[in-house]
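Dear colleague,

Please read them alongside the coordinates.

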Amino acid sequence: MTFLRMFFLILLQFFNLHNVSASSWQTLSGKPPVVIARGGFSGVFPDSSSKAYEFVSVTTSPNLALWCDLQLTKDGVGICFPNPNLYSYSDVKDVYPNKKEWFSVYFTWKDLSDVNLVQNVKSRSGVFDGSYQILTVEIVAELGPPGLWLNIQNSAFYRQHNLSMRNYISFLKSMKKDVTKLIFRFLNQDQIEPFTNQTYISLPKNLSYIKTFSSGILVPKSYIWPVGSDLYLKPHTSLVTEAHRQGLQVFASEFANDFVFAYNYSYDPTAEYLSFIDNGNFSVDGFLSDFPVTPYRAISCFSHLNTKEDEEPAVVTIISNDGASGDFPGCTDLAYEKAVKDGVDILDCNVQMSKDKIPFCMSSIDLLNTTNVFDTSFRNLSSTVAEIQPKSGIYTFSLTMSQIKTLKPVISNPKEDHALFRNPRNKNVGKFLTLSEFLFLANRYSSLLGVLIKVENAVYLAKHQGISVVDAVLNKTERLSTQEGQTTSIAIMFQSTDKSVLMDFKEKKLIYPDELVYRVDEDIRDVTDSAIKEIMSFAGTIVISKESVLPYNGGLVKKKTDVVARLKESGFRVYVETFSNEFVTQPFDLFSDSTVEINFFVQGVKIDGIITDFPATTARYRKSQCYREMGMFRTGELLPFANPRLVSPAQAPYPLLVESDVMEPPLPDVKSKNSTPTKAMAKAIQVFSPVRTMAVLVIFFISV
């Protein structure tokens, strides 16, 4: 057979990952899958740069293999560069502006000494551009990786310029005594393989022939888990099983945390990796990834969790954000049921009030944000309420509960401006729940530690709508009938950004501060002693934003704050919001990996609770038996490697939380409005008549 157009040379033997026994794997060798870092840690640093290659061992293990896309210069020097054309991944056009073409074959190695690498993926930071030179293969090999994979491509192109990939590989082999392997690479399915003149999608039918010249295959992940045009997974193929039957290893490619992948994974890259190695039917033999830390941890820490009998370590409390609102429309029955299934500890209800004064769960007082109300006859109820928001809205208190229940919920898309949409199949599913229905649902699950009732806009509702939200909530929490007439043991906590609301709960129900949660509604850099003392008088838990802990400028972290440490020293439980899976919600320092982010906040900051749209991600993290061994990034670790000319100017610091920010007058008296109970209200009162009094417990959370 002629020299293959696409293959890889592995210079050293594979490695074993710790903490998982070899016998538990369905790989061809029975050993854990390998991880190959494409161009090093190219998800952060420019592809094939020295820092990208060095950063692999810093964030994972010295045992990971490195990937080099081999190109040849005019004088036959082998370089690691992702494309024969230097234009897109370097500043060559700035160094040689008079050139009309920038292929590597038009430059000698000396010519490239002034050329620096740049990032070529828009979703990644460009602050490291212009700081790292192009490397030869020999320089990368001297970094000492246990495996160096050379991607040999475009050999016909180089032959046209009197350069030979074959001769260069022979030269390398003469200098090395390491074991070599040939791996055949599949390109996109509709492309033509030049030797057989067949499309790549047809080649899996000839695996026995491929075995005659290769020990394995590298395929795009869609060959194994096909994805439809709607971005949902199709059933997996039999490629891995059939290849293993022929004695071929199977490696999967095209993995990156900051690319859009199948909705089935809920934007969680670890979940995607696990579907290739931990599905019970097959396991690939390795991954080619731009973010090697994620597959490394998926293999060594998160695989086979369901087969482990160790008790789940209690490291952090999981609080839902409108239920599992990353997968279903928030505050619907389906979002709540999914949150419980995914392992949430505390289920939340953001209380809104209907026109007929029925409290119910909805993430926003403005129906335009959460329902299809604009497409209904109620759209003419739009109004502007300056006390709530500057824009016009259609507010919950403008419709009766029976009218609200005719509306379709709409799933939230907080990162729609980044073209990241949540689970379109579930866009309008589920039904909204009254507070009574929510409490009834929560009481069915013994796995829950409690519920969190959120109350906002109480001042406006009291002054202008004749509604006491606190009274409405207390009425329902004290009047819950359960199946079989049993008194519930579920604990209830009350949250608000308003001191006056929490004080009203405390005074009317003799609620202790441990049951009251104060949410800080702005990003802060610190909190004064007087503000801490004031909050201690009425709340035992504080909710702050992620940015109040880890402010970042231009995507890079400079230094974490001491806010959490100060609050915990004062005896508060500290919950942090909002954790989401979408990669744009994490600073670049956290590698576009939601699990890395969780690990930093749990281990490095030691928060007590995570408020999340995707409870399953934190629940899986909590099950891992090696979370204490996971390395954490040091705050500000990436900033020193950035090009100073490209770092964004420092932004104004977040404000201090001071006592005057917390102090508020008591809630105003409710101004009655002339209205009579509707049939819907009468029916609701009849269905949820008082039978038993709910027991309210104080929750004690264990943090490690």
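Which side chains meet in a salt bridge at 2.8 Å, N to O? They are those of aspartate 471 and lysine 508, where a salt bridge is taken as a side-chain nitrogen of Lys or Arg within 4 Å of a carboxyl oxygen of Asp or Glu. The pair links distant parts of the chain, with aspartate 471 in helix H14 (residues 469-477) and lysine 508 in helix H15 (residues 499-509), 37 residues apart. Aspartate 471 counts as partly exposed at 37% relative accessibility, and lysine 508 is likewise partly exposed, at 42%; here buried means under 20% relative accessible area, exposed means over 50%, and partly exposed lies in between (1.4 Å probe, protein chains only). Helices (H or I, at least four residues) and strands (E, at least two) are DSSP runs numbered from the N terminus.

Before the rest, two remarks on provenance. This is a predicted model, in which local features need pLDDT of at least 70 and side-chain atom pairs count only at pLDDT 80 or more, while totals for chains, interfaces and linings use all residues. Residues are numbered from 1 along each chain as its sequence is written, and side-chain values use heavy atoms, with hydrogens and water left out.

The structure holds 23 salt bridges, and two others deserve a description here. Aspartate 327 and lysine 338 meet through their side chains at 3.4 Å, N to O; aspartate 327 sits in the loop between strand E13 (317-320) and helix H10 (333-342), and lysine 338 lies in helix H10, 11 residues apart. Aspartate 327 is buried, with a relative accessible area of 8%, whereas lysine 338 is partly exposed at 23%. Aspartate 526 and arginine 566 form a salt bridge at 3.0 Å, N to O, which connects strand E21 (residues 526-527) with helix H17 (residues 563-569) across 40 residues. Aspartate 526 is partly exposed at 25%, and arginine 566 is partly exposed at 24%. Salt bridges that share partners also join Arg38, Asp47, Arg124, Asp258 and Asp290 into one network.

Turning to the cysteines, a search of the whole structure finds 2 disulfides, a disulfide being a pair of cysteine sulfur atoms within 2.5 Å. In one of them, the sulfur atoms of cysteine 68 and cysteine 80 are 2.1 Å apart, and the link is left-handed, with -105 degrees about the S-S bond. Cysteine 68 is in strand E3 (residues 65-72) and cysteine 80 in strand E4 (residues 78-80), 12 residues apart, and both are buried. The other joins cysteine 349 to cysteine 361, S to S 2.0 Å, and its torsion is about -105 degrees, so this disulfide is left-handed. Cysteine 349 is in strand E14 (residues 346-353) and cysteine 361 in strand E15 (residues 359-361), so the pair ties together parts 12 residues apart in sequence. Cysteine 331 has its closest cysteine sulfur in cysteine 361, at 5.9 Å, which is too far for a bond.

Finally, 8 of the 9 residues of helix H8 (residues 269-277) are buried, so H8 is largely enclosed by the rest of the structure. What covers these buried residues includes strand E11 (249-255), strand E12 (286-289) and helix H18 (594-605), with contact meaning heavy atoms within 4.5 Å.

With best regards
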